[in-house]
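Trainee: I'm new to this one and would like a close look at a single part. Could you walk me through the aromatic ring pairs, and then show me what else is worth a look?

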Amino acid sequence: SFSDVLPNLSSHYNNTLVIDGSPAMGIIANDDAGIITVTPVNGSETGPVAGSFTFSLPAGTTADAPVTINYALSGSAESVKDYSGTISGSVTIDKDKNSTTLTLPVIDDALVEDTETIVLNTGLVTSPYPITVANSPQSLTISDNDQSALTLTGPAKVTEGHSGTQNITYTITLDKATGSPFTIDYATSNGTASSTTDYNASSGTLTFTGLAGESKDIAILINGDQRIEADETFSISLSDLSNTFNNRLSYQTSPVVTTIVNDDSGAITITSENGSETGPVPASFTFSFPSGVSADAPTIINFGLSGTATGTDYTGAGTSSIIIPAGVNSIRLPLSVIDDSFVENTETVVLTSGSVSSPYGITVANSPQSLEIADNDNATLTISGATVTEGNSGTSTLSFTVTLDKDTGSPFTVEY
């Protein structure tokens, strides 16, 4: 406002002209708006680069008195931990200034974090004029610059054992800290090993609090047996990370493969059982792995038969190989005895093993082996008496007859 004064008249016309209403007041009405806009600028741990909020009057506009704006900060970012600055306060746009900036320095920590936010809500605006904030709340982001990884380690080999179970341990390790907990899944998978016979399948979810160097163990049971088999494999792998922290936390995608080393031996022992024509009782050879031991593939043993017994004494002489089936400890080779009518000595059958066909280098420990076939026949030599007339001169022949009542298996002699 201002005033206009009429101080003097050049003539009063004998006091008939007077001045009235002086001074007169003039008012200039303000037509400038008072709306403040908040503009955020994102921050980053790389640098680091500060985040900020700028409070601005319309372009080219100022106020002739300070304007104070109260605010409060919230969001996933935390004061002191992620940025410097109080979570509540005020900023002032000074007299004749268009804007002011609230700067929030970013703290470059060592934590692997999600991109975090700072949310600004304005409160009371103090000004002699009806100034307001047009766009509260506003938010900015703080991007992280840290990387972390989960690694999986475990044994490359484990000896199977002959019985019971044994634990082997795999370890998942976090190399750098994260800003919050997370979970990750694990699971075993068959290779050539079977989860029903060789090891116990396992799967689950592990929770990490996020500490640097934090580790979690996974125990897997290995089943011992007495089965001759190839070395076998299975694997364990990681999946389904619950939070990658904007791809700054990674995990090992390649599985850890473990070989279960077979420790069962495969020497075959041959045992024999004698036969007899009485009955008759069959003879046999039995091919056996050590007690309780078997192979997971068929084992073929080639052999030859010899001895004093021949194909007329037993059946099976034409056989040249026998198979111990997979999962079986032993197999019997029966030789049926033929009850003939020959008088014979006790005869032998000799078995000599040859090559063994198996993927596991199996051998025969005690070849050759023999058995006996006892005879059940009896024979009699009878000598008959003879008579001859003596005569008066010369000589006469007197003949005795020796008779064998049954056949024998071979020639023989008798003295007289």
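Mentor: Let's start with a word we'll need: a residue is buried if its relative accessible area is under 20%, and exposed if that area is over 50%. Keep in mind, too, that this is a predicted model.

Now to the rings. A pair of aromatic rings is described by how far apart the centres are and by the angle of the planes. Here the count comes to four aromatic pairs. Take F182 and F208: their ring centres are 5.3 Å apart and their planes sit at 5°, and since planes under 30 degrees apart count as stacked, this pair is stacked. F182 belongs to strand 15 (residues 182-190) and F208 to strand 16 (residues 203-208), so the pair links distant parts of the chain, 26 residues apart. Both F182 and F208 are buried.

Next come F287 and F303. Their centres lie 6.2 Å apart with the planes at 35°, so this pair is tilted. F287 is in strand 24 (residues 283-288) and F303 is in strand 26 (residues 299-306), so parts 16 residues apart in sequence get tied together. With 0% relative accessibility, F287 counts as buried; F303, at 8%, counts as buried as well.

Ring pairs join F182, F208 and F245 into a cluster.

E344 is buried but has no salt bridge, and the nearest side chain of opposite charge, K406, is 11 Å away. Leaving aside residues up to four places away in sequence, E344 touches E277, D313, D375 and G409.

Last stop: strand 5, residues 51-56, where six of the six residues are buried. G51, F53 and F55 point one way from strand 5, while S52, T54 and S56 point the other way. Strand 5 pairs with strand 3 (residues 35-41) in the antiparallel sense over five bridges, and S56 is the bridge partner of T37 there. Strand 5 also pairs with strand 8 (residues 99-104), again antiparallel, over six bridges; in that pairing, F55 has T100 as its bridge partner.

Definitions and conventions: Residues are numbered from 1 along each chain as its sequence is written. This is a predicted model: local features need pLDDT of at least 70, side-chain atom pairs count only at pLDDT 80 or more; totals for chains, interfaces and linings use all residues. Side-chain values use heavy atoms; hydrogens and water are left out. Buried means under 20% relative accessible area, exposed over 50%, partly exposed in between (1.4 Å probe, protein chains only). Helices (H or I, at least four residues) and strands (E, at least two) are DSSP runs, numbered from the N terminus. Two strands pair if DSSP finds at least two bridges between them. Lys and Arg count as positive and Asp and Glu as negative; His and the chain ends are not counted. A salt bridge is a side-chain nitrogen of Lys or Arg within 4 Å of a carboxyl oxygen of Asp or Glu. Contact means heavy atoms within 4.5 Å. Rings of Phe, Tyr and Trp (its six-membered ring) pair if their centres lie within 6.5 Å; planes under 30 degrees apart count as stacked, over 60 as edge-to-face and the rest as tilted.
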